[in-house]
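Work through the exercises below with the sequence and the model at hand. Each task is followed by its solution in steps.

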Amino acid sequence: STPHRIALVPGDGIGREVVPAARRVLDAVCERRGLALDYAEYDWSCERYEREGAMMPDDALDRLAEHDAILLGAVGYPGVPDHVSLWGLLIPIRRRFQQYVNLRPIKVFEGLDSPLRGARAGEVDFVVVRENVEGEYSEIGGRIYQGTPQETAVQESVFTRAGVTRILDYAFGLAGRRRGRLTSATKSNGIVHTMPFWDELVRERAAAHPAVTWDQEHIDALAAKFVLRPERFDVVVGSNLFGDILSDLAAAIAGSIGIAPSANLNPEGRFPSMFEPVHGSAPDIAGRGIANPLGTIWSAAMMLDHLGHTEAAADITSAMASVLAEGTVRTPDLGGAATTGELAEHVITALRPLS
Ligand code: NAD
Ligand code: IPM
Ligand code: MN
């Protein structure tokens with residue numbers, strides 16, 4: 001078969017450490033499984049911005065469109081304002097390629113310590129489905145009267161029937177393939193105008209998915225329930241901002257934000273999807289070779305799964321699980337002293353022999 005064309009965008013900070021580590025794992029798995037990936041690596045980053053005045057070249061999105069999938073590290077670095085790096089790279093990719101689903105699985109693995117006393121391995125296993133192209137992350141708004149006492153910032157939230165419907169259908173569909181439970185993150189107690197609309201659409205789509213049991217929780221109460229009863233969740237669907245916040249909270253519950261993966265999906269497959277860890281460029285630890293690569297490695301597994309290589313994807317996630325259960329090789333965020341490279345190599349060693 002023709003090799004899948006993969007765009008690698010390491011970006012900034014620890015992105016440049018975790019993407020090469022994940023690539024080594026991908027290479028090892030592909031060799032065992034007889035798969036071929038054809039990589040193109042792009043140096044689009046804050047460094048490029050400082051050198052050339054733009055995060056990406058003008059034709060970057062057209063070039064990415066030629067690929068089957070994108071593996072991204074993270075962007076953002078001190079000295080370049082975040083709005084430059086994010087509106088200059090991350091957000092345009094998500095939007096141009098209609099990656100309207102941001103899928104963020106959370107699992108407490110055997111051998112990992114959740115900061116929550118009650119969160120036991122095997123019991124906490126859910127997915128945050130985050131709306132990824134509209135909602136609170138809108139382009140409508142701005143700042144006026146800067147530097148005066150009247151200085152004002154305004155941003156409009158945008159919720160469209162089509163946009164909300166498609167994310168809900170994806171989430172209900174996913175719940176149907178999992179344990180059949182969906183929770184909607186809302187804030188409909190009369191203050192936020194957009195959320196009663198979201199709730200209406202949830203009820204409407206629920207009727208189209210009668211096999212799924214669903215409920216809704218206000219985002220504030222839901223955050224508390226994540227901490228108190230994380231095992232009760234299966235699929236949690238939320239708007240762009242709510243999903244963003246819930247996914248870091250969930251990652252922390254699972255033991256470290258360094259493990260959490262994400263898939264920015266264009267489910268129709270018209271455009272490439274993008275896979276990236278939930279975490280950012282972590283300037284505080286960048287350059288030291290101690291970043292946890294598992295979030296990116298798991299994201300790479302989600303990429304293989306998306307490309308149809310379910311078994312190769314499972315090879316990676318089971319190797320990860322056995323490395324964590326064994327517990328001898330860990331990066332500092334997990335309480336160990338291993339380097340990024342050592343942990344990645346250990347995942348490769350733990351790949352089960354093909355039967
Ligand atoms: P962050 O995720 O980069 O870091 C938060 C904390 O988690 C830091 O203490 C960091 O050291 C730690 N951490 C993160 N990833 C880790 C890993 N793999 N292993 C061990 N520890 C890890 O979030 P932040 O500090 O809010 O943002 C830093 C920069 O990253 C900003 O410029 C932000 O805009 C950017 N960012 C980019 C993306 C992206 O490109 N998708 C995502 C989030 C943040
Ligand atoms: C994430 C990140 C981004 C987001 C930021 C960096 C814009 O936090 O992928 O979760 O909020 O989408
Ligand atoms: Mn986030």
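**Exercise 1: the whole chain**

The protein chain has eleven helices and twelve strands, where helices (H or I, at least four residues) and strands (E, at least two) are DSSP runs numbered from the N terminus. The model is predicted: local features need pLDDT of at least 70, side-chain atom pairs count only at pLDDT 80 or more, and totals for chains, interfaces and linings use all residues. Residues are numbered from 1 along each chain as its sequence is written, and chains are lettered from A and ligands numbered from 1 in the order in which they are written.

**Exercise 2: helix α5**

Task: compare the reach of α5 with its expected span, and state which of its residues are buried.

Step 1. Expected span is 1.5 Å times one less than the number of residues.
Step 2. With 17 residues (161-177), α5 reaches 24 Å from first C-alpha to last, close to the expected 24 Å.
Step 3. Buried (20 or more other C-beta atoms within 10 Å of the residue's own, C-beta atoms placed from the backbone) are Val164, Ile167, Leu168, Tyr170, Ala171, Phe172 and Ala175.

**Exercise 3: ligand 2**

Task: which residues surround ligand 2?

Step 1. A residue counts if its C-beta atom, placed from the backbone, lies within 6 Å.
Step 2. Leu86, Leu90, Asp244, Val278 and Gly280 surround ligand 2.

Technical notes
Buried ≥ 20, exposed ≤ 12 C-beta atoms within 10 Å, placed from the backbone.
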